[in-house]
Amino acid sequence: MKKFLALLLAVAMLFTLAACANETKPDPNSTKTTNSQNPTTPTDSKLAVCLASEPDTLDPALNSAVDGATMIAHLFSGLAKWAKDDSGKLVIVPDAAKELVEGVANDDGTVTYTYTLRDGLKWSDGKDVTAKDFEFAWKRAASDDLGADYGYMFEVVDGYGTDSLNVKAIDDKTLEVTLANAVAYWNELLAFPTYFPVREDVVANEAWATKPETYICNGAYTITGWEHNSVITLEKNPNFVDADKITMGKIEFYLSDDSNNMVANFKNGTWQLIDDVPTNEMAALKKDYPEEYMVAGQIGTYYVCWNIGEDILPADSGLTGDEAEKARAEIRSAISLLFDRNYIVEEIAQGGQVPASSFVAMGMTNPDGTEFYKTAGHNDGFDGFYNVSKDAVKSNYDQAIEVLKKYYNYDGAKFTNFPTMTYLYNTSEAHKAIGEYLQAQLAAIGITMNMENQEWNTFLQTRKNGDYSIARNGWVADYNDPICFLDMWISASGNNDVQFGKGEHANAKIYSLDLTDLGYDVKVENGTWAETYDVLIKTIKGCTDNVKRYELMHRAEDLLMSTGCICPIYYYTDTYMINKNVKGFFSNPLGYKYFMYCTIEG
Amino acid sequence: MNSKTMYYILKRIGLAILTVWVVITVTFFVMHAVPGGPFMSEKAISASAQAALEAKYGLDKPLLEQYGTYLKDVVTKFDFGPSLKQRGQMVIDIIGDGMKTSAKLGVIAAAIAGVVGIVLGAWAALRRNKLIDKIIMVVTTAFVSMPSFIMGSLLLVLFSVVWMILPANGADSGGLILPIITLSLYPMAYITRLTRSSMLDVLGQDYIRTAKAKGVSGGKIIFGHALKNSLIPVITYFGPMLAYIVTGSLVVEQIFAVPGIGRAFVRSIINRDYPMVMGTTIVLAVLIVVMNLISDILYKVVDPRINFE
C-alpha cells in the first residue's frame, strides 16, 4: 500500500510538472552561449533587457513614459536623434533630416525652419517616408482630440492650441515649420518621440500600436513579436536607411516591474540589462557587481512642496495679509534648512543621488558650459540656494532656529506653538522613509508633522487640488532646458501643486521684478505672483538671446525659491545594471537607453 | 435528480446572477467615487484635451447614464469597452490574454494541490503516528503558515539564482513551474491536513469496522468506502481554495513576472482604467460564484444524505 501511494504521488507530481514545462527545457545561459559562439556576426546578436512593465502605449504621440520612449527611439526615426560623437559626448544629430538647419526670423518675430528629408527613407512596409507624414504626425500629436500627455510639447510651434498648427509639407521631401519665437532647445524637441512621424493610413486603425502586424514604423527596428505583459521582440528593420550601422540584430524587452525579479534574471544571466534595483539590495549589488552596477545622472529633482495657502503661523501672531505671507515664506525657507540631505541620500535613498540645493536639477547647463545648479542662488562659497555640504549642517540648523524664534515661542529646546501639519506622500517604502526622517527632524524641535499616505492616483488628485499642507513631489525634465522646471509654476499651470496665484495668494502683493537692466521695460514692486512670475516666464519664452534667457531663468528660480514653498531634497539618478560583456551602450540625460549600436564580447 | 434539487439549483443560479449584478453596481459606483481619474498623471494634460478625452469615452455624461450604458453593453453585446490607459486595446482582449496564463496557472496549481494533498493526507492517516505521518504534518504545517510572497521569493532565489535550474521569469518556457509550485503549496498542505483528519474520522466509523469484520480487503475498504466519504470536507474547501488561488496569483504573478490577469487587475486600479477595472472584476466575480455553485452541487453528488432544504 505504502509503495503504491508513493508511486501514485510521484506520477502525479511528474505529470503536472511536465504539463506546465512546455516542450523545451529552460536554459538560463542560452543567450550567453549563443552570443559567445558568434562574436563576429552581429546580425545574430541578441540582447534581453527589462526596463519596466508593459508600456501603456507604443504610439510615439501618446507615449509619456521613459521605457516607452526607449523602445520608440529604436522603432522610429525623427528629424533628429541622440547620438554619441567621436569623443564620447552626447549630441543631437540629424536623423531623417539632411541637416538641422538654422531658423529664419520673420518680421512678426516668428521663426521658420525648412528641413529637407534624406533620400531613401522607407517605412517598414516599404513605402516612402514623406514630409507629409511628419506634418500629419505633428498635427495629430498636438490635437486635443488625441489628448496626448505630451501634446504640450508643441506649445512652441506657431498656431498651437488652434486648429492650424503652423507646419506644412512643401513637397515630399521638404517640411516647413514656424515657431512662435526662437526656441533654444528646438533640436532637442525634434529628437523627442512626440515629434516622430506616423503615417495617416496606419494610425487610422486605432489599435495599430498594439500588434506587430499593424505596427508600421520607420526606425532601426521593427516589432516582430509582442506577447502582452511578457515580452516585446524587436528585430533589425531591413528597410531602414542606416541599417548597415546597426550592430545589434535582436532586442527582447521583457515586461516586468518587479525589481527583485529583475535582479534574479540579471544574476542568472537571462537578462543583460535591468533598469531597476531594489533599494535594500543596492549596497550588496554595488559591492558584488562593481563593473556592472551603474548610476547615471538623470535630470530630475525629488522635493517637498508646501501648499502656499497653508497657515503655519501661530494663532496669536497678529500678522495678517501681506505681512503674514512674507513671514510664512521666511518660515518655510528656514524649515528647509533643518534637513541633512547627505544623510537622506546616503542612509535612506542609497541610490547614489546627489543632495539638491536648487529646484532646477543637476544636468542642465548654462550657455557658457557651466552647470546651471552651481550658479543658482548667486552664492559665494557654495552651489545653489543653501549649503548642502556636510560641514554646513550645523550652521544651517542654527540659522533656521534663529529665524523660527522670531515667530514662535521657544522654551530653550522646543517650539511650543507651531501648528500641527500633515505630510502627504504616495504609498511607497522609500517615500515613507524620507517622510519619517523629515518628521523626526521637526519633532526634535517640537513641531508635530503627521504622516498621511495615499494611493498614487488619489495622491495626484489631492496634491493637484491643493488639499494638503506639505507633500512629497518630484519632477523629471522632458527636455534639456531649465524652462521645463520653471514654467510649471505659473498661476494657470496644471502642475502648479503649490497653488501659486490661486485663492488668497492671488492678491498677495509681495513680489518684485526688475528686468530693466536686461533691456526689458518690466519693473514691478510689490506685485502679485501673476504680475511677476507669470510675466517673467512669458518673457523667457519670448527671449531669443540665449545668455539673457538663462539670466532670466536664474531670476525665475530665485523668485520661486524665495517663497520657500519648494524644498529640494535630492537630484534623481538612474540606477541600472548592465552585463559587462555588452559594449557600445549609452543612455541620454532623459533616461532613454540605446541598444542599437551594442555588441556582445566575450 | 428530483424536483427539489432542480429547484435548489435554479435558486442558486438566480442568486449567483444577483450577486454578480450587486458586484457590478457596487464596483461601478465605488470606482467612480474614488478620487483621481484615468487621465490624471504627474504631468497634467491641458483642460481642453482632458475634456475631449472625457467626451470621447463618454465620461462627461451623468454617472447613472454611464452605468445604464455600461450594463446594457455588457449584458446585450458582451462589450466591455476599450481600455482608457492602454489606448487601442479592448478590455475583453486584454482580459482574454491574461486569463489564458492565469487559468493555466490556477488550474494546474489546483490540480496539484488536490491530487498531492489527498494522497498525502490519506497516507498520513493510514500511517497514523508513524514517522511518515509526523514528517507530513510538520512539512504541511510549515507550508500552511508561510505566506506565498515569502515562499515565492525563497523558491525564486534557490531555483533561479543559486542553482539556476528554473527560469525566474514567467514569460520564458518553463517559467510557470515556480509560480505553480508557489501557488499550490498552501492549498496542498491544507488539503493534506483536511484529508488526514477526515480520513481518521471515517476510519473509526462503524461501517468500516463492519467491512473489516466481514473480511473486505484493505484496498477495497480504503478506496471503496473510506476515501470517498472522507473527501466531503475537501470538496467544501474547493470554493475557498479557488478564492485563494485567484487572490494568491496576484502576488505570485508579481514575484515571477507572470503575464496574468492579476497584474492587469492591480494595474488597472492604480491607473483608474474604469472599463478594465469593471471587466476584470466581473470576470473574477463570475468565476468565484460559478465555482462555489459547482462545489455546492458536487457536495450533493458525493453525499446523497445532504438535504438542500
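Predicted model: local features only at pLDDT ≥ 70, side-chain atom pairs only at ≥ 80, totals over all residues.

Where in chain A is the place of D44(A)?

A: D44(A) sits in a loop of chain A, the one between helix α2 (30–37) and strand β1 (46–50). Next, think about its surroundings. There are 13 C-beta neighbours inside 10 Å of D44(A), so this residue counts as partly exposed. The reasoning is simple: a residue needs 20 or more such neighbours to be buried, and 12 or fewer to be exposed, so a count of 13 falls in between.

Along the sequence they are 468 residues apart, and in space their C-alpha atoms are 63 Å apart.

Now let's step back to how chain A meets its partner. In chain A, 56 residues are in contact with 59 residues of chain B. On the chain A side, α1 (2–20), α7 (259–267) and α13 (456–465) each supply at least two residues. Of these, α1(A) gives the most, with 9 residues. Sorted by class, that side of chain A has 22 nonpolar, 23 polar and 11 charged residues.

And the partner itself? Chain B has 12 helices and 0 strands. Its C-alpha atoms fill a box of roughly 85 × 60 × 30 Å along the principal axes. Chain B has 309 residues, and 39% of them count as buried. Finally, take the contacts in chain B between residues at least 6 apart in sequence: 75% of these join residues at least 24 apart.

Methods
Residues numbered from 1 in each chain as written. Chains lettered and ligands numbered in written order. Helix = DSSP H or I, 4+ residues; strand = E, 2+ residues; numbered from the N terminus. Contact = placed C-beta atoms within 7 Å. Nonpolar A, V, L, I, M, F, W, Y, C, P; charged D, E, K, R; others polar.
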